[in-house]
Amino acid sequence: MTTSLPSQLVPLAELDTLNVSVEDYIATVTLARPDKRNAFNDDVIEELNQAFTHLGNSDAVRVIVLAAEGKAFCAGADLNWMRAMADYSRDENLADADKLAQMLKVIYTCPKPTVAAIQGDVYAGGIGLVSACDMAIAVDSANFCLSEVRLGLVPATISPYVIRAMGARAAHRYFLTAEVFDAPEAKRIGLIHETVATDKLDETVAAITKKLRNNSPNAVKECKNLLHYVAGETIDEALIAQTVAGIADIRASAEGKEGVQSFLQKRKPNWLN
């Protein structure tokens, strides 16, 4: 994928799933698997981790936008990745879930302000990506869904970020029902900050990033630290380990395996028979 960086920024290693560009201190990291609805797999997770770590540590970057190509922003887990996970042992599930958890933490703790520019639907783990960003702007046609319980799973690794974004009360509803909700509802519960017409997304994101770029870089960094401290429980290794264990255990459970297999096989899970 393309990587366009200013001369003062050390180049990233070659990326296969992302496009990265930097202009006037504003970096844009674009999920670039539109044919897969920008779903997660090991490569996407590793490259997001790499990109946000690299850009977050660069003096040539003051703001990072997370965007996506195609009709969907992120549809959660890639089907081939899910097929592989279906046969994982608990230890393999722990290692796999930890990679996702660590990537989300890298985005959440990035010293640069982050803005999710949501041009399409966001499902499951994709909501974790949105929630890990400081700000989120969505087109008014976007839909959202925390669909994990339909598959016999739980949104464990993304839960610290999603609950902070939408609040515990809204999470009780949308974690448990797995219902689809629209962009105005996502704004009402605090998951996103603003909804805009499709043709206004770039303009709105540009206006916000310009404000962020013009603020004191050190003050913005310290303000993020302040927000994380004041907001509540620190997302530390103990919490991450707990959420990693939670998803690993349920993936290995009978209903977890049945839910994923029924989804992959396009049939009803046995608890609906």
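How do the residues of the lining of the largest pocket divide into nonpolar, polar and charged? The legends below start with that pocket. The model shown is predicted.

**View 1. The largest pocket and its lining.**
The largest pocket holds about 730 Å³ of space. Its lining is made of 35 residues. Closest to the centre are A75, G76, A77, M82 and A124. The lining of the largest pocket splits into 21 nonpolar, six polar and eight charged residues. That answers the opening question.

At least two lining residues of the largest pocket come from each of α2 (79–85), α10 (237–252) and α11 (254–264). Which helix gives the most to this lining? The answer is α2, with five residues. Both domains take part in the largest pocket: domain 1 (18–213) and domain 2 (216–272) each supply at least three residues of the lining.

The volume of the second largest pocket is about 470 Å³. A total of 22 residues line this pocket. Nearest its centre lie C133, D134, M135, H193 and L227. Two or more lining residues come from each of α4 (125–132), β8 (135–139), α5 (159–166) and α9 (217–231). Of the elements, α9 gives the most to the lining of the second largest pocket, with six residues. By type, the lining of the second largest pocket has 14 nonpolar, five polar and three charged residues. Where does the second largest pocket lie? Domain 1 (18–213) and domain 2 (216–272) both give residues to its lining, so this pocket lies between them.

Rolling a probe the size of a water molecule over the atoms shows where empty space is left. How many cavities of 30 Å³ or more does a search of the whole structure find? The search finds one. The largest cavity has a volume of about 50 Å³. Its lining consists of R62, P111, K112, P113, L212, N215, P217, V220 and K221. These residues divide into five nonpolar, one polar and three charged. Helix α9 gives the most to the lining of the largest cavity, with three residues. Domain 1 (18–213) and domain 2 (216–272) are both represented, each with at least three residues in the lining of the largest cavity.

**View 2. Helix α9 and its two sides.**
Helix α9 has 15 residues. At 1.5 Å a residue, α9 should span 21 Å, and its end C-alpha atoms are 21 Å apart, which agrees. Which residues of α9 are buried? They are V220, K224 and H228.

**View 3. Helix α10 and its buried face.**
Helix α10 has 16 residues. Buried in α10 are I240, T243, V244, I247, A248 and R251. Seen down the axis, the buried residues of α10 fall within an arc of 135°, so they line one face of the helix. On the other side of α10, the residues A238 and Q242 are exposed. Helix α10 also supplies at least two lining residues of the largest pocket.

**View 4. Two residues with a positive phi.**
Most residues other than glycine have a negative phi, and most peptide bonds are trans. R37 is not a glycine, yet its phi is positive, about 55°. R37 sits in the loop between β3 (26–31) and α1 (42–56). Its relative accessibility is 37%, so R37 counts as partly exposed. K266, also not a glycine, has a positive phi of about 55°. K266 is in the segment after α11. Is K266 buried or exposed? With 78% relative accessibility, K266 counts as exposed.

**View 5. E258 in helix α11.**
E258 belongs to helix α11. The relative accessible area of E258 is 13%, so this residue is buried; the cut-off for buried is under 20%. E258 and K268 are ten residues apart along the chain. Their C-alpha atoms are separated by 9.6 Å.

Methods:
Residues are numbered from 1 along each chain as its sequence is written. This is a predicted model: local features need pLDDT of at least 70, side-chain atom pairs count only at pLDDT 80 or more; totals for chains, interfaces and linings use all residues. Side-chain values use heavy atoms; hydrogens and water are left out. On a 1 Å grid over the protein atoms alone, a cavity is a set of points where a 1.4 Å probe fits but cannot get out, and a pocket is an open set with protein on both sides within 12 Å along at least five of seven lines; lining residues have an atom within 4 Å of a point. Grid points are joined across faces, edges and corners, and a volume is the space filled by probe spheres set on the points. Helices (H or I, at least four residues) and strands (E, at least two) are DSSP runs, numbered from the N terminus. Ala, Val, Leu, Ile, Met, Phe, Trp, Tyr, Cys and Pro count as nonpolar, Asp, Glu, Lys and Arg as charged, and the others, Gly among them, as polar. Domain bounds come from an automatic or database domain assignment. The expected span of a helix is 1.5 Å times one less than its number of residues. Buried means under 20% relative accessible area, exposed over 50%, partly exposed in between (1.4 Å probe, protein chains only). The arc is that of the directions from the helix axis to the C-beta atoms.
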